[in-house]
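Me: I'd like to learn how to read a model like this one, feature by feature. Could you give me the general idea each time, and then the case at hand?

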Amino acid sequence: MNELDRRLTDAGTRFRAIPQALPSLPDLDRRRRRGWLIPVAMTGAAAVVAAVVIPLVALGGGDTARVRAPVTNPSSSHVPESANAESYAVAPPLLRAPTGPVSLRKPPCTPADVTAKAATATASDGVLGLITIHGAGCSVAVDPATITLLDAAGQPLDVAVGPGNPTNPVQAVRPDIAQGVGSVKVGFAWTGAYCGPAAASVRLAALPGEQSELTIPLTGPAPRCAPNAGSRLVPGLVGSDSPQVAVEPAPVAWSGLTASIEPIGTVDQDALTFTVVLANRTATAIALSDPCPRYEVSASAPVPVGTMSSGTGGSLCSERLVVPAHGSIRIPITASFTGATTDRWRPGGTVHLAWAIAGVPTAETDAIIAAD
Amino acid sequence: MATDRAVPRDADEFGAWVRPHLMAMKHLAVRLAPTGDHDDIVQEALLRAWLRRSTFDPDRGSVQTWLLAIVTDRARRIRRRARSVLRLVDERNGSVAGAQPDPVDPALDIAVRQLPRRQRMVIELYYFLGLPVAECAAVLGIAEGTVKSTLSDARSRLRALLEVTE
């Protein structure tokens, strides 16, 4: 062994001898939206207890959903390559109520613990904003409702704060779930036209205690300036996943869509294959790419005691879809539910299937579970 | 009980499956983390492992090498993310969070960090995690012979960086 070899070996040995705290396992319960089951037949106190305990022991993780090439009727078009990326997607509604509460696994962050960035990207009706806050080994406590745009002098911009599309809204995900890995994403939409001072930073309450507010430099475009300008800031939500789950509110235009699931006879236990039809009731084409939606799928079926539900989801972002005026598009979807959930489904029984994106009423249907 | 051959189906089995390898994951994350993000790297790696556990193939390596490969990937992603993130400084003391523990051999540590990525990884895995060549190869997805030649190249580079004479 030569000198360098000895030096490397010695450094490695001494490094491994440094006492290190054993990492804790992450809160896998927070993954319940990708495969959890709740006996929805239970009520009252029993239901409360079950909601806390059952996801811990009945995770059916590994569930997936995927989209095959959509079929358009009568036609579809593609939006330009400049469309927003997955990071500006719209989070899907939660088809089941969140369970909890869960305790924070890490101590609250101080300003020294966090890094943050904020940026906007052009959208069809203004801009979309994305705020990313990363706590190093600590928890962040974001209140999205406090988002304020500031000018270079630190003064709030004259921008009204208003609600987004109330149809099938995304439910607030508890911040403590999002903090499990120390990263929190908050989105906002800045819609309409704006001619005032430039937005230089964004402020929001994100830390506990007196130093609760973070002011983060904001980069990116503002809404266009136009006569009779009027713009609105719509706060988004705290993302529960990083970095894929998006946090923007649904565009108002999506309320012109209806969703349905084409009738299906039987479904396999391992893979539910079905087709969603999105129809546009309006005289204007509706883009699903600026921003794009993430969707949620849930399947519920009776089991010997009560009903079990399993959830999974996916994204339509890579498809750059446009639903033509008074037209429709068909979206083939395969959702795989592995693990404990489908193992307990009874062949010949009925499964209730639901599919949802934000801003559009949920599509639902029933199907028969195929025999093994 | 979970084994390398039995992919865990629930959180309890998963915990038993990964627990023996948590310290190795932590060690690798500490070595690779740029600014003390090692806890988050491990947490993200474990979440990734949980979600992707069905893809684990025991014929391609052990659970530990699979987990360390995920840590390597997560560390690279976090490093890339960190480069574009504004670092907030605590105005009270001007400190920036996430300092790494003092290296045991600062000059050697600086030199290792200057190595090309593959050379650095084999040094980290072979010397600082103490893995045998075969496991280094499994983590990096390369042949054992490639690990050996990369180790040799890395040592040559380190000698030059450290001006070590043999």
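Reply: Two strands pair if DSSP finds at least two bridges between them. Helices (H or I, at least four residues) and strands (E, at least two) are DSSP runs, numbered from the N terminus. Some bookkeeping: this is a predicted model, where local features need pLDDT of at least 70 and side-chain atom pairs count only at pLDDT 80 or more, while totals for chains, interfaces and linings use all residues. Residues are numbered from 1 along each chain as its sequence is written, and chains are lettered from A and ligands numbered from 1 in the order in which they are written.

Me: In which sense do strand β12 and strand β20 of chain A pair?

Reply: They pair in the parallel sense, over 2 bridges, with β12 at residues 266-267 and β20 at residues 363-369. A:Thr266 stands opposite A:Ile368 of β20(A). β20(A) is also joined to strand β19 (residues 350-356) of chain A, this time antiparallel and through 6 bridges. There, A:Trp355 sits opposite A:Ala363. The hairpin of β19(A) and β20(A) has 6 residues between the strands, and A:Gly359 takes a positive phi near 85° in it.

Me: Which residue has a positive phi although it is not a glycine?

Reply: That's A:His326, with a phi of about 50°. You'll find A:His326 in the loop between β17 (322-323) and β18 (328-336) of chain A. For exposure, count C-beta atoms, placed from the backbone: a residue is buried if 20 or more others lie within 10 Å of its own, exposed if 12 or fewer, and partly exposed in between. A:His326 counts as partly exposed because it has 13 C-beta neighbours inside 10 Å.

Me: How do I read burial on a helix?

Reply: An α-helix has 3.6 residues a turn, so residues three or four places apart point the same way. Now take helix α5 (residues 106-113) of chain B, where B:Leu108, B:Ala111 and B:Val112 are buried. Seen down the axis of α5(B), the buried residues fall within an arc of 100° (the arc of the directions from the helix axis to the C-beta atoms), so they line one face of the helix. Exposed B:Pro106, B:Ala107 and B:Ile110 are on the face turned away from that buried side.

Me: What do the buried residues of α5(B) pack against?

Reply: They pack against α1 (3-17) of chain A, together with α6 and α8 (144-162) of chain B. One residue of helix α6 (residues 117-128) of chain B is B:Leu125. B:Leu125 counts as buried because it has 28 C-beta neighbours inside 10 Å. Not counting residues up to four places away in sequence, B:Leu125 touches B:Leu131, B:Cys136 and B:Val139.

Me: And how are cores defined?

Reply: A nonpolar core is a set of buried Ala, Val, Leu, Ile, Met, Phe, Trp, Tyr and Cys residues joined through C-beta atoms within 7 Å. The largest one has 47 residues, and B:Met25, B:Ala45 and B:Val122 are among those with the most contacts inside it. Domain 1 (1-85) and domain 2 (102-166) of chain B, with bounds from an automatic or database domain assignment, both give residues to this core, so it lies between them. Apart from it lies another core, of 43 residues, including A:Leu95 and A:Val297.

Me: Where in chain A is confidence lowest?

Reply: The number to check is pLDDT, the predictor's confidence in each residue, from 0 to 100. Confidence in chain A is lowest in helix α2 (residues 44-57), at a mean of 22, and highest in strand β11 (residues 257-261), at 96. The mean for chain A is 71, with 65% of its residues at 70 or more. Over residues 29-85 of chain A, pLDDT stays under 50.

Conventions:
Contact = placed C-beta atoms within 7 Å.
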